[in-house]
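Here is a short report on one protein model. Keep the sequence and the 3D view open while reading.

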Amino acid sequence: MEHFEEHHKREHEDSALIINAGVDQPPVVNPGYHRVRRKVLTTDDYVKGILAGDITVLAQAITLIESVRPEHYAQSQEIIERCLPHAGKSVRIGITGVPGAGKSTFIEAIGGMVTGLGHKLAVLAIDPSSERSGGSILGDKTRMETLVANPRAFIRPSPSAGSLGGVARKTRETVILCEAAGFDVVFIETVGVGQSETAVHSMVDMFMLIQIAGAGDELQGIKRGIMEMADMIAINKADGSNIPRAEMAKAHFASALRLFPMPDSGWKPRVYTCSAVEGTGLADIWNGVEDFLKFIRKNGYYASNRRQQSKYWMYETIGEALKESFYQNPTVEREIARYESLVLDDKMSSFVAAKALLDLYFSLLKQ
């Protein structure tokens, strides 16, 4: 190096370009440091850890469920199957509401109260990704600081990538693992702006809608379908000068609910007011949850609803698998762009193109 620099300096004595000696590399901060590889867990390790209530193992098993690698899928399904006999003993509650309704604050407040009553709580969020960036919209885990630190609570956002059906299926599988790990109350949260409510409704025992008063029309941003799914409505932010508006909103929602047909459960939905910040009204809401569960267990709806949900998810899983198989077929992948161009150029109808691709796929299956 020194010889090269001397030669280069003599060769370019009249040049403005001079190469100086490089800076010596600093010593390694910790010479004894070496990267520790995380132990690869076997299926037995996962099942044993989950049944023992090990949160770290539970989180790793959920990551396995979310993976798109075929070998991970096979292992995750075996773990779920072995955990299934230990699941099904929790109360599953879906929580939704328009953005700004204070769902995160509400879940943190009532979650703290529920764990204080001796329950173990898992909070799962079906987190729709931003259509533009692909990033998370909710990001609730960063906003539930107290609940995150609660040893009797477990918070897990869903993967934001993939189809809604796929994300919802993985959330339902996650519920099974959480129940096997000893969590007896499961909250499944969604943002309240799309089809994810229907998916959540198909995996919970009770559906709760969080609303706020004083934001113009009291039915703002809520579709009739979501209102019809609600077993309970909680008017949040009923504090200070907003209490009269919250009470008025309660009356409006109660009137609106009377116009809807009686739900299959036979339960007449109730409306409550609360303040997640001040902690008022939360005990009444939880008492209402317990009343609802007693009611549907007594009339048989609880058991029949869970059976129907299992059947629904069997067919949903079949549909997802067929769809994935179709789009991942190499021949279909090659041909789909050509048919898409024909449709865009108005040389072929959408239906003819779809039928041609499906015929191609089915012919490949017969080979």
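Lys355 and Asp359 sit four residues apart in helix H14 (residues 350-366), so about one helical turn separates them. Their side chains meet in a salt bridge, at 2.9 Å from N to O. Lys355 is exposed, because its relative accessibility is 52%. Asp359, at 40% relative accessibility, counts as partly exposed. This is a predicted model.

Side chains of opposite charge can pair when their charged atoms come close. The structure holds nine salt bridges. Three of them are set out here.

| Salt bridge | N to O distance |
|---|---|
| Lys355 and Asp359 | 2.9 Å |
| Glu66 and Arg156 | 3.1 Å |
| Asp291 and Arg270 | 3.2 Å |

Asp291 is partly exposed, at 31% relative accessibility. Arg270 is partly exposed too, at 31%.

## The sheet

In which order do the seven strands form the open sheet? The order is S3-S2-S4-S1-S5-S6-S7, and the pairing is parallel. Strands S3 (153-157) and S7 (270-273) are the edge strands, each pairing on one side only. Direction ignored, neighbouring strands of the sheet are turned by 20 degrees against each other on average.

Strand S2 (residues 121-125) and S3 run parallel and are joined by five bridges. Ala125 has Pro157 as its bridge partner in S3.

Now take strand S5 (residues 206-212). Are its residues buried or exposed? Seven of its seven residues are buried, so the strand is mostly covered by the under 20% cut-off on relative accessible area. Met206, Met208, Ile210 and Ile212 point one way from S5. Phe207, Leu209 and Gln211 point the other way.

S5 has a partner on each side in the strand order. Strand S1 (residues 91-97) runs parallel to S5, with five bridges between them. Within this pairing, Ile93 has Met206 as its bridge partner. S5 also pairs with strand S6 (residues 232-236) in the parallel sense, again over five bridges. There, Ile212 is the bridge partner of Asn236.

Helix H5 (residues 103-116) lies across S1, S2, strand S4 (185-189), S5 and S6. H5 runs at about 180 degrees to S4.

## Surface and whole chain

Which residues make the nonpolar surface patch of about 430 Å²? They are Met314, Tyr315, Ile318 and Leu322. Ile318 lies in helix H12 (residues 301-328). With 43% relative accessibility, Ile318 counts as partly exposed.

The protein has 14 helices and seven strands. Of its 367 residues, 42% count as buried. Among contacts between residues at least 6 apart in sequence, 75% join residues at least 24 apart.

How values were computed
Residues numbered from 1 in each chain as written. Predicted model: local features only at pLDDT ≥ 70, side-chain atom pairs only at ≥ 80, totals over all residues. Heavy atoms only, no water. Buried < 20%, exposed > 50% of the residue type's maximum accessible area, 1.4 Å probe, protein only. Helix = DSSP H or I, 4+ residues; strand = E, 2+ residues; numbered from the N terminus. Pairing = 2+ DSSP bridges. Axes fitted to C-alpha atoms, helices over the stretch in contact; angles between N-to-C directions. Contact = heavy atoms within 4.5 Å. Patch = residues over 30% accessible without salt bridge, like charges linked within 9 Å, V, L, I, M, F, W, Y side chains within 5 Å. Areas by Shrake-Rupley, 256 points an atom, 1.4 Å probe, with all protein chains shown as cover. Salt bridge = Lys/Arg side-chain N within 4 Å of Asp/Glu carboxyl O.
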